Structure formats: C-alpha cells, structure tokens
Amino acid sequence: MSGKFCINLTCSTDNTDRATVAFVVANAAVASDKHTLVFLSIEAVRLSQKGVAESIHEEGFAPLKDLMSSFIEAGGEIFVCSPCFKKRKLDENNLVEGALIVGGAKLVEFMSEGCPSLSY
Amino acid sequence: MIEHSHEWDAGDAGCGELVLGVRKRLRANPGQVLKLVALDTGALVDLQAFCNMTGHEMLAVDAVTRTYWLRGRQT
C-alpha cells in the first residue's frame, strides 16, 4: 500500500466548507503516518497567502488557520499550483509557512508511483 | 560557466508548457547541455522533479538569474 496521500483542493473563501473539510481530512491522513500532500489549485491558491485562512472559521470545525498550521507542524506538505497562482497575481513573498509553488511535474512526481487522492 | 550546445529563454512559461518545451529540446539533442532561462517561480522544483522522472540531468542552477543547465539523457 502506498504511504502517500494527496488532497486536491480547489476552493478557498468561495467555499469555506470545502476548504475546511479538506484540511480536516489532510490532518487525519498525516496523523495516520501518510506522506500527505495538499495541492492548492484554482481558487484554493489564495490560501497560500498569509492572512487569508484567518478569515475562515466554519461552524463546527477548528479555524482553518489552525488546521493548516497543525498540518504543516505534523509534516504535511502544501503545493501551490504555479499557473493558478500567477493568473491571480498573488505575492510569492507572502506565502504561508510550508507552501511551495510548483508546476504539474512536481505533482506528477509525488503521485506517479501510486497515490490515493481526494478532491474538494 | 558550463559549456552548452543550445539554449532556450522560456520567459514566464511554467508548469506543463515549460517541461514540455524542455523535453522537446533535450530529446532533440541527446547528451548535450541546454542552457535554460525560466522565470516561473515553480520552475526549480518542477525541473528537479522532471529530471528525477525522466533521466535528464540538472547540472547547475543560478537562482539569481533563474538559469538552469540541463543535460539530455542519451537515448
């Protein structure tokens, strides 16, 4: 069984429920000793910017900022879709801790030997 | 300075556009060194992953100018 787990997240402030649940599941995966990646694509790339997650606290869940911090502290990785980031003219000098801007090849490498994935 | 046989200024190209362009040039010149300028923020990690998967070799990087020297694998 692969020790990897990938979560593709496409939402941020446009769908705070999806954004939150994605990181809840990501924390479950990393807590289960999976090499866990959250790939931020489409609108989710906004979460790579400091200050954005602070605005999201879905009822019944921990604040998204805390979920993301816990994920990184536990060894999770966050990849940020480069063309999605560029399209939105975001600031590469304002990245949250642990976020890495990548293109598709890096994601393909992570998943290429078999990797369960979920998409939100 | 690393000797190179061909070069490509990829400008802002990134992601699939970048690696496909690099692949085309490396495969056209097996064993030769491509000097590449790629300004995309994700280019470094992407090119490293690309080389790991394909057998091409990253010889050097100038992070300041975002210049890369890549050797195409022998076919």
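**View 1. Contact between chain A and chain B.** In this view, 13 residues of chain A are in contact with 14 residues of chain B (contact: C-beta atoms, placed from the backbone, within 7 Å). On the side of chain A that touches chain B, the elements giving two or more residues are H3, S4 and helix H4 (104-111) of chain A. H4(A) contributes the largest share of that side, four residues. By class, the side comprises five nonpolar, four polar and four charged residues (nonpolar: Ala, Val, Leu, Ile, Met, Phe, Trp, Tyr, Cys and Pro; charged: Asp, Glu, Lys and Arg; polar: the others, Gly among them). The model is predicted: local features need pLDDT of at least 70 and side-chain atom pairs count only at pLDDT 80 or more, whereas totals for chains, interfaces and linings use all residues. Residues are numbered from 1 along each chain as its sequence is written, and chains are lettered from A and ligands numbered from 1 in the order in which they are written.

**View 2. Packing of H4(A) with H2(B).** The two helices (DSSP runs of H or I, at least four residues, numbered from the N terminus) pack at an angle of about 45°, with axes 7 Å apart (axes are lines fitted to C-alpha atoms over the stretch in contact; angles run from 0 to 180 degrees between N-to-C directions). From H4(A), A:Ala105, A:Lys106 and A:Glu109 meet B:Val45, B:Asp46, B:Ala49, B:Phe50, B:Asn52 and B:Met53 of H2(B). This contact divides into five nonpolar, one polar and three charged residues.

**View 3. Packing of H1 and H2 within chain B.** Helix H1 (residues 15-28) and helix H2 (residues 43-54) of chain B pack at about 45°, their axes 10 Å apart. H1(B) is thus oblique to H2(B). The crossing is right-handed. B:Leu18, B:Val19 and B:Val22 of H1(B) meet B:Ala43, B:Asp46 and B:Phe50 of H2(B); five of the residues are nonpolar, none polar and one charged.

**View 4. The largest nonpolar core.** This core has 35 residues, and A:Leu9, A:Val38, A:Phe39, A:Leu40 and A:Val80 have the most contacts inside it (a core is a set of buried Ala, Val, Leu, Ile, Met, Phe, Trp, Tyr and Cys residues joined through C-beta atoms within 7 Å; buried: 20 or more other C-beta atoms within 10 Å of the residue's own). Its largest share, six residues, comes from H1(A).

Methods:
Parallel < 35°, antiparallel > 145°, perpendicular 65-115°, else oblique. Left-handed = near helix turned anticlockwise from the far one by under 90°. Contact = placed C-beta atoms within 7 Å. Buried ≥ 20, exposed ≤ 12 C-beta atoms within 10 Å, placed from the backbone.
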